Amino acid sequence: AKGRAGRSKRTEQDHYETDYTTGGESCDELEEDWIREYPPITSDQQRQLYKRNFDTGLQEYKSLQSVLDEINKELSRLDKELDDYREESEEYMAAADEYNRLKQVKGSADYKSKKNHCKQLKSKLSHIKKMVGDYDRQKT
């Protein structure tokens, strides 16, 4: 049950179920949350803390992203396979079953919440990175 770490996170994000392509406005809202959570850095100690949070977040982001990528890679692989097989063949049936199963996974609330969590992590990481960068620039 390795991938379940993010499940207990705030559940009010479930209403984000729509797949965003743009969603620019939601990024600005997130930005404000991150500023509250990670205001500009004022000390080296605070910088270290941000850096630790960044590293932890990055690990989580990478592992989530690879789960999502894996599903998409697998789908496009099966998609190509389906073109190669005869429609009534065993191979075709097997590939079609797997393809449909993954399509369902991709449509599931679990996948969408992972995808949403990934998006939030990405926005959080870029905010922390900016705060650390700003602090470093101001020190030199």
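Helices are taken here as DSSP runs of H or I of at least four residues, numbered from the N terminus. On that basis, the predicted model contains four helices and zero strands, and its elements follow the order α-α-α-α from the N terminus on. The protein has 140 residues, of which 28% count as buried. Among contacts between residues at least 6 apart in sequence, 75% join residues that are at least 24 apart.

Helix α2 covers residues 44-84 and helix α4 covers residues 109-139; the two pack at an angle of about 150°, and their axes lie 8 Å apart. Angles over 145 degrees count as roughly antiparallel, and α2 and α4 are therefore roughly antiparallel to each other. The crossing of α2 past α4 is left-handed. Sorted by class, the residues in the contact of α2 with α4 comprise 16 nonpolar, five polar and nine charged.

The pairing of α2 with α3 also has an angle of about 150°, here with the axes 9 Å apart. This angle makes α2 roughly antiparallel to α3. α2 passes α3, too, in a left-handed crossing. On the α2 side, the contact is formed by I71, N72, E74, L75, L78, D79, E81 and L82. The α3 side contributes Y92, A95, A96, E98, Y99, L102, K103, V105 and K106. By class, the contact of α2 with α3 holds ten nonpolar residues, one polar residue and six charged residues.

For α3 and α4, the axes come within 4 Å and cross at roughly 55°. The class composition is three nonpolar, one polar and two charged residues. V105 and K106 of α3 also take part in the contact with α2.

In soluble globular proteins, nonpolar side chains tend to be buried together. In the present model, the largest nonpolar core has 24 residues, and I41, Y50, L82 and I128 are those with the most contacts inside it. At least two residues of this core come from each of α2, α3 (90-107) and α4. The contribution of α2, nine residues, is the greatest. L82, one of the residues with the most contacts inside the core, is also part of the α2 side of the contact with α3. With residues up to four places away in sequence left out of the count, I128 touches Y38, Y50, N53 and F54.

Q46 is located in helix α2. The relative accessible area of Q46 is 18%; buried means under 20%, and Q46 is therefore buried. Apart from neighbours within four places in sequence, Q46 is in contact with P39, P40 and I41. The C-alpha atoms of Q46 and V132 are 9.4 Å apart in space, although 86 residues separate the two in sequence.

P40 occupies the loop between α1 (24-37) and α2. The relative accessibility of P40 is 56%; exposed means over 50%, so P40 counts as exposed. Beyond neighbours within four places in sequence, the contacts of P40 are with Q46 and M131. The contact between P40 and Q46 therefore joins a residue that counts as exposed to one that is buried. P40 and Y135 are 95 residues apart along the chain, and their C-alpha atoms are separated by 7.4 Å.

Methods: Residues are numbered from 1 along each chain as its sequence is written. This is a predicted model: local features need pLDDT of at least 70, side-chain atom pairs count only at pLDDT 80 or more; totals for chains, interfaces and linings use all residues. Side-chain values use heavy atoms; hydrogens and water are left out. Axes are lines fitted to C-alpha atoms, for helices over the stretch in contact, and angles run from 0 to 180 degrees between N-to-C directions. Angles under 35 degrees count as roughly parallel, over 145 as roughly antiparallel, 65 to 115 as roughly perpendicular and the rest as oblique. A crossing is left-handed if the near helix is turned anticlockwise from the far one by less than a right angle, and right-handed if clockwise. Ala, Val, Leu, Ile, Met, Phe, Trp, Tyr, Cys and Pro count as nonpolar, Asp, Glu, Lys and Arg as charged, and the others, Gly among them, as polar. A nonpolar core is a set of buried Ala, Val, Leu, Ile, Met, Phe, Trp, Tyr and Cys residues joined through side-chain atoms within 4.5 Å. Buried means under 20% relative accessible area, exposed over 50%, partly exposed in between (1.4 Å probe, protein chains only). Contact means heavy atoms within 4.5 Å.
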